[in-house]
Amino acid sequence: MKQSEFRLKLFGEGGQGIKWMGHILSSILESLGKKISIILTYDSAVRGGDTAAQIVISDGKIGCPIVEEPDFDLNLKEGFFVSKNGERLKINDIFLEKKSLGKNIQLNTFSIGFLLKKLGVDLNSIDLKKHLPNFMLEENIESIKIGFSS
């Protein structure tokens, strides 16, 4: 991570793991010495309602935790990834291509790996077991690694 501050927006619908992704990304990045701000919003009254996470990652103090212009915008509901420099990818297509190869992967953990790569994180410097729940641990680690390599 060369840039001193990154701003992320994650968006999806209830059940896609947006809150979980935000917490896992924050935990990983905090372990690398980054300052983290995360704002979670979700419609708890509606099953499958919209869920969002705004995450600010910084080398120093975070002045404003609101993400108006994200460096990276990941929308799992619509299936796209957009970067501030204009890169636009259909994340669902990339995911489905990998899944069609017989990989047992999940979109949310795949996307964590994908974002870590975009953030310039050295995946080999992270002990993922410290940041993930024990449930489906090996599958989640594999999914993150596949996302990172995509």
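1. Across which strands does helix H1 lie? In this predicted model, helix H1 (residues 18-31) lies across strand S1 (5-13), S2, strand S3 (50-58) and S4, and runs at about 175° to S2. Helices (H or I, at least four residues) and strands (E, at least two) are DSSP runs numbered from the N terminus; axes are lines fitted to C-alpha atoms, for helices over the stretch in contact (heavy atoms within 4.5 Å), with angles from 0 to 180 degrees between N-to-C directions.

2. Residues are numbered from 1 along each chain as its sequence is written, and side-chain values use heavy atoms, without hydrogens and water. Local features need pLDDT of at least 70 and side-chain atom pairs count only at pLDDT 80 or more, whereas totals for chains, interfaces and linings use all residues.

3. The six strands form an open sheet of mixed pairing in the order S2-S3-S1-S4-S5-S6, where two strands pair if DSSP finds at least two bridges between them. Strand S2 (35-42) and strand S6 (88-89) each have a single partner strand and stand at the edges, so one side of each lacks a neighbour in the sheet.

4. Strand S4 (residues 72-75) pairs with strand S5 (residues 80-83) in the antiparallel sense over four bridges; Leu-74 stands opposite Phe-81, and Asn-75 opposite Phe-80. Four residues lie between the strands of this hairpin, in which Gly-79 takes a positive phi near 85°.

5. S5 and S6 run antiparallel, joined by two bridges, and Phe-81 has Leu-89 in S6 as its bridge partner. This hairpin also has four residues between its strands, with Gly-86 in the turn at a positive phi of about 100°.
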